[in-house]
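Visitor: I would like to learn how to read protein surfaces next to DNA. Could you take me through one case, step by step?

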Number of protein chains: 2
Amino acid sequence: MRTGTPKERNYRQYCGLAAGLDVIGERWTLLIVRELLLGPRRYNELLADLPGMGTNLLADRLKKLRELGVVEREEAGHGYRLGPLGEGLRESVLALSKWGVGLLGEPQADMVTRPHWGLLAVQAMADASRLPELVETYEFQVDDETFHLTVDRGTVSTARGPAADPAMSVRTDATTFVRIGAGVLGPFEALATGKLTFTGDQEAVLRCSTVLGLAERPGPRPAA
Amino acid sequence: MRTGTPKERNYRQYCGLAAGLDVIGERWTLLIVRELLLGPRRYNELLADLPGMGTNLLADRLKKLRELGVVEREEAGHGYRLGPLGEGLRESVLALSKWGVGLLGEPQADMVTRPHWGLLAVQAMADASRLPELVETYEFQVDDETFHLTVDRGTVSTARGPAADPAMSVRTDATTFVRIGAGVLGPFEALATGKLTFTGDQEAVLRCSTVLGLAERPGPRPAA
DNA sequence: CAGTATCCTTCCAGATACTG
DNA sequence: CAGTATCTGGAAGGATACTG
């Protein structure tokens, strides 16, 4: 005989952080938000990019997030997308990504990578104030996905798809892309070993590295 | 018969966010970080400000965080404090606080509040670029704790303890303080009802509200 | 494709007892 | 005070089978 409420597990603290964690602190939730921050997704697409997550869990999470207004259904079709509340999580997710990327070493054998996670990394790393006057666009072809970064006098924006007139375009695989972001591989070392190729202006590659904060880093093997 | 590894629950994704969540994504962990972001704490102090958390869980979390370098022991005494890695979480924690504070309605009867959580809220809300030329200090006396906010030409800093020469000093209780931060109570409404008192320059109260983003907000009860 | 339903394991809350 | 160790019920998570 079951009486009353199922007793939600809340912190019951009158504090912003605790209230936020009550909503997005459960396992998988912020990863769902990550996926949707990069554009609308359907149920099975989410499942495919969140390996290890059970189908029931995903359904549960989506239902809760929808009730809270973090996630919305698309009008047409079966897609999910972020509501305004969910969009407000971008700053938090990017901050955590930036922090967590420093903990990534070399990829383990059983680790999964997705090209669009690189787009998230680019958003987290890009800081146009490093070259305040710059106006140009860079294209990234990572495995079978293409996206681009536009820098415009101190502001940056990213989008999926090819760029109209990129100053340069790099091509690489998802793992190499994240390794560069994690600092375990230098961009120029990746170029030298052929793991990454580019077309366009070589100087633009350097400027792009600067905007992403990759240029001033010490190499992975400083002289001992 | 227990064989092999206890099988850590990791996402196994080569992605910064996932790697970050593998470290601080478990229940309670980010709340421990919140406490330590406001200064070193001892075991029983942490326990007291994290009601509902079991003593074994706190020990577990602290051990893991220590192994990873997020948390360190103090040289003298029994305190815990953040290591450089943990300090790097400040931005993420403030971003999440800022997001979560919007979800806080009025406090429920069984909710706990602590004065120093207000200091976190102040850090999250303060944006000195709202008054770029301003240079002054405000003091907050919340229940039995005192802290202050210093604004200096576009930058802000906070610290525990009383201020040397504050432009104004407010006194209130922790719940009222967080209610104001959550936007369910306007600062001037709090003044009017006596839930909050101040000494010092009345204009400074207004400037402080502006820096904290409280001034331009719509009142809690707009004309219907 | 988009989910429910089920079963089993792991984690967590709370209590308490014990050690240095 | 500062923890570690143990136990227990219940909730959350994981894998998979199943349905519209």
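Guide: Start with one contact. A phosphate oxygen of DNA strand C is 3.0 Å from an N or O atom in the side chain of Arg61(B). A polar contact is a pair of N or O atoms within 3.5 Å; within protein, one must be able to donate a hydrogen and the other to accept it, and residues adjacent in sequence count only if both atoms are side-chain atoms.

Visitor: What should I know about the model and its labels?

Guide: This is a predicted model: local features need pLDDT of at least 70, side-chain atom pairs count only at pLDDT 80 or more, and totals for chains, interfaces and linings use all residues. Residues are numbered from 1 along each chain as its sequence is written, chains are lettered from A and ligands numbered from 1 in the order in which they are written, and side-chain values use heavy atoms, with hydrogens and water left out.

Visitor: Which elements give two or more residues to the surface near DNA strand C?

Guide: Helices and strands are DSSP runs, numbered from the N terminus (helices: H or I, at least four residues; strands: E, at least two). Here the elements are helix H3 (43-49) and helix H4 (55-68) of chain A, together with helix H4 (55-68) of chain B. H4(B) gives the largest share, four residues.

Visitor: Which residues come nearest to DNA strand C?

Guide: A residue is near a strand if one of its heavy atoms lies within 4 Å of it. Of the 18 residues around DNA strand C, the nearest are Arg42(A), Thr55(A), Tyr80(A), Arg27(B) and Leu57(B). Take Arg42(A): an N or O atom of its side chain is 2.6 Å from a phosphate oxygen of DNA strand C.

Visitor: And which residues come nearest to DNA strand D?

Guide: There are 19 residues around DNA strand D, and Trp28(A), Asn56(A), Arg61(A), Arg42(B) and Ala59(B) come nearest. Asn56(A) reaches a base: one of its polar side-chain atoms lies 2.5 Å from a base nitrogen of DNA strand D.
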